Amino acid sequence: MAGLLAQAQEMQAKLLAAQQEIAAAVVTGQAGNGLVTVTGNGTGDVTGVNISPEVVDPEDVETLQDLLLGALADLATKRDALSSEMLGPLAGGMPGLG
């Protein structure tokens, strides 16, 4: 029983470390070959937006909106991939249970 408790504590420590690493990670999504870039962290906060001046056209706001949505979607995909990569090995649970 003591071994099982030690395994649970070890897994909890690894999970906490992975969560902290994800929260501190900087993730960047982009669209339009980098014309629009969105930066965020692993917890879902958007921390920055960079829009190239060449994509700003008052006559075509829809394209800029589409690029921004694309960059946000790319950011979310990369953030999810980071979480899966970091937490994936821990998702299997503890050996001997299940």
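Two strands count as paired if DSSP finds at least two bridges between them. By this criterion, the predicted model contains an open sheet of three strands. Their order is S1-S2-S3, and the pairing is antiparallel. The edges are formed by strand S1 (26-31) and strand S3 (46-51). Each edge strand pairs on one side only. From one strand to the next, the twist averages 15°. In general, the strands of a sheet pair through backbone hydrogen bonds, either parallel or antiparallel.

The S1 and S2 pair was examined next. Six bridges join S1 and S2 in the antiparallel sense. In this pairing, Val27 has Gly40 in S2 as its bridge partner. S1 and S2 form a hairpin, with four residues between the strands. Within this hairpin, Gly32 takes a positive phi near 65°.

The other pair involves S2 and S3. Strand S2 covers residues 36-41. S2 pairs with S3 over five bridges, again in the antiparallel sense. Thr37 stands opposite Asn50 in S3. Val38 stands opposite Val49, also in S3. S2 and S3 form a hairpin too, and four residues lie between them. The turn includes Gly44, which has a positive phi of about 110°.

Burial was then considered for S2. This strand is mostly covered. Of its six residues, five are buried, where buried means under 20% relative accessible area. In general, the side chains of a regular strand alternate between the two faces of the sheet.

Note on methods. Residues are numbered from 1 along each chain as its sequence is written. This is a predicted model: local features need pLDDT of at least 70, side-chain atom pairs count only at pLDDT 80 or more; totals for chains, interfaces and linings use all residues. Side-chain values use heavy atoms; hydrogens and water are left out. Helices (H or I, at least four residues) and strands (E, at least two) are DSSP runs, numbered from the N terminus. Axes are lines fitted to C-alpha atoms, for helices over the stretch in contact, and angles run from 0 to 180 degrees between N-to-C directions. Buried means under 20% relative accessible area, exposed over 50%, partly exposed in between (1.4 Å probe, protein chains only).
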